Amino acid sequence: LGNKLQDILDKLGRERQLTEAQVKASMREIRMALLEADVNFTVAKDFVARVGEQAVGQQVLGSLNAGQTVVKLVHDELVQTLGGESAQPSLEKSGNVWFMVGLQGAGKTTSAGKLAAHYKAKGRRVLLVAADTQRPAARDQLEVLSKQVGVPVLKVADAEAPSETRRRIEEHLARDPRDLVIVDTAGRLQIDEVLMDQLAALKAELAPTETLLVVDAMTGQEALNVAQTFDARIGVSGLIMTKMDGDARGGAALSARTVTGKPIYFAGTSEKISGLEPFYPDRVAGRILGMGDVMALIERAQAADLKAMEAKKPGDFDLEDLLTQLRQIRKMGPIGDLMKMIPGMSRALPEGFAIDEKQLQRIDAMISSMTVKERRNPKIIDGSRRKRIARGSGSTVQDINKLLKMHEQMKEMMKMLQKMSGGGGKGMRMP
Ligand code: GDP
Ligand code: MG
């Protein structure tokens with residue numbers, strides 16, 4: 001019992017700083033997770049180096065251990081790198097021209113249709129332009145989508161000159177005013193100089209307000225090269241990551257975003273016209289790290305812990321606080337199992353991390369059998385009260401004695417730690 005409570009105390013009260021060794025150990029695992037998620041090697045290396053540098057010396061957070069704290073820092077930095085909040089393309093009252101570019105098969109045509117549906121539903125008057133001058137089938141594909149969405153489409157002719165395309169768009173708008181023109185273009189399977197020149201020429205003619213690079217999330221490592229080249233040759237203002245419904249972990253998003261520095265506006269989530277969602281950096285960050293719900297769990301534990309610790313000075317720590325903390329830990333369920341799902345976490349966890357659910361239950365029962373007065377002021381718990389509490393919780397007086405002694409030690413230690421850290425009951429600091 002003693003060791004378990006000691007462990008819990010370690011997680012609750014002590015302000016510790018991440019050491020270089022702790023960070024280094026976790027960072028190796030994080031880099032592996034990034035590479036597994038198909039983040040470009042250089043991007044992963046730079047990211048880990050940058051975050052590692054920031055992490056050393058940071059406070060170990062609330063109820064988390066060192067490894068979990070590093071994961072939290074990495075996750076937060078990943079969210080920031082992916083753009084923080086979800087971003088929206090610029091949209092004026094009128095005169096919006098969006099230019100879709102990307103490799104063949106990335107999902108340009110599909111995404112053009114999705115965008116048309118999305119913005120039509122928001123009350124926009126959309127015109128789709130099928131500007132693939134090479135493949136009539138590609139123009140037909142957009143025409144089918146335009147009918148499905150219920151917006152007009154303008155199809156260019158084979159090998160049509162950019163100036164002619166512009167003239168025809170203007171002619172259409174004069175007759176049928178539209179405030180958002182979405183231009184679908186040709187793609188190639190690989191980066192191709194001739195295509196780049198054609199796209200640059202058409203872009204110069206149409207002067208789009210957004211140039212959206214469509215990137216297939218399944219392309220993994222190649223995403224970096226694609227994004228870099230398109231941005232250098234044509235100039236990109238934002239990204240759309242398609243096929244996020246596949247099993248790609250999202251490394252392509254991090255690579256494309258890092259190398260261009262441009263916002264990721266949307267995620268394609270199915271072949272259907274409705275399969276377009278805002279891009280949520282926090283979701284994708286969790287996916288890249290392969291954690292999902294575990295992160296939510298860490299955050300919940302941390303929020304509750306911070307609230308509890310901020311409310312009181314360590315010296316005030318009473319049995320109610322202990323109960324609150326225990327329940328917090330218990331609510332997290334078989335936490336050992338969950339933590340093992342985080343890449344590399346099983347090795348980063350301290351030995352004996354597994355919390356014995358039965359023991360937690362017993363302590364919970366004992367404190368629950370006390371009156372609020374007793375919990376707030378354990379000094380009043382005399383012999384007859386101990387007997388009553390033991391009976392009520394199905395334990396022995398010795399168990400109660402042990403619990404009270406342990407609590408007393410925890411309290412003393414918290415006072416001591418408070419003195420050591422300069423007093424003042426600072427509470428926890430966020431990074
Ligand atoms: P383009 O050559 O860049 O115009 O690519 P297309 O729009 O023709 O899309 C190529 C293929 O990818 C088609 O089969 C689409 O249905 C599919 N596709 C596009 N976006 C998505 C997406 O977000 N999820 C899934 N599952 N499939 C997609
Ligand atoms: Mg196409």
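Predicted model: local features only at pLDDT ≥ 70, side-chain atom pairs only at ≥ 80, totals over all residues.
1. Glu36 lies in helix α2, residues 20-36. Helices here are DSSP runs of H or I with at least four residues, strands are runs of E with at least two, and both are numbered from the N terminus. Glu36 counts as partly exposed because it has 15 C-beta neighbours inside 10 Å. On the scale used, a residue is buried if 20 or more other C-beta atoms lie within 10 Å of its own, exposed if 12 or fewer, and partly exposed in between, with C-beta atoms placed from the backbone.

2. Residues are numbered from 1 along each chain as its sequence is written, and chains are lettered from A and ligands numbered from 1 in the order in which they are written.

3. Strand β4 covers residues 180-185, and six of the six are buried, so β4 is largely enclosed by the rest of the structure. Leu180, Ile182 and Asp184 point one way from the strand, whereas Val181, Val183 and Thr185 point the other way. All of these residues are buried, Asp184 and Thr185 included.

4. β4 has parallel partners in β1 and β2. Strand β1 (residues 96-101) pairs with β4 over five bridges, and Phe99 stands opposite Val183 in β4. Strand β2 (residues 126-131) pairs with β4 in the parallel sense over six bridges, with Ala130 opposite Asp184. Two strands are taken to pair if DSSP finds at least two bridges between them.

5. β2 is mostly covered as well, with six of its six residues buried. Val126, Leu128 and Ala130 are on one side of β2, and Leu127, Val129 and Ala131 are on the other.

6. The shell around ligand 1 has 18 residues, of which Gly107, Lys108, Thr109, Thr110 and Gly268 come nearest. A residue is near the ligand if its C-beta atom, placed from the backbone, lies within 6 Å of it. Helix α5 (residues 108-121) gives the largest share of the shell, three residues. By class, the shell divides into two nonpolar, 12 polar and four charged residues. Here Ala, Val, Leu, Ile, Met, Phe, Trp, Tyr, Cys and Pro count as nonpolar, Asp, Glu, Lys and Arg as charged, and the others, Gly among them, as polar.

7. Helix α5 also packs against helix α6 (residues 136-149): their axes come within 9 Å and cross at roughly 20°. That makes α5 roughly parallel to α6. Axes are lines fitted to C-alpha atoms, for helices over the stretch in contact, and angles run from 0 to 180 degrees between N-to-C directions. Angles under 35 degrees count as roughly parallel, over 145 as roughly antiparallel, 65 to 115 as roughly perpendicular and the rest as oblique. The crossing of α5 and α6 is right-handed. A crossing is right-handed if the near helix is turned clockwise from the far one by less than a right angle, and left-handed if anticlockwise.

8. For helix α9 (residues 222-233) and α10, the axes come within 8 Å and cross at roughly 30°. α9 is therefore roughly parallel to α10. The α9 and α10 crossing is right-handed.

9. Most residues other than glycine have a negative phi. Ala159 has a positive phi of about 55° and is found in the loop between β3 (153-155) and α7 (162-175). Ala159 counts as exposed because it has 9 C-beta neighbours inside 10 Å. Lys243 also has a positive phi, about 60°, and is found in the loop between β6 (238-242) and α10 (251-260). With 23 C-beta neighbours inside 10 Å, Lys243 counts as buried.

10. The buried residues of helix α11 (residues 281-289) are Pro281, Val284, Ala285, Gly286, Ile288 and Leu289. Gly290 follows α11 and has a positive phi, near 70°.
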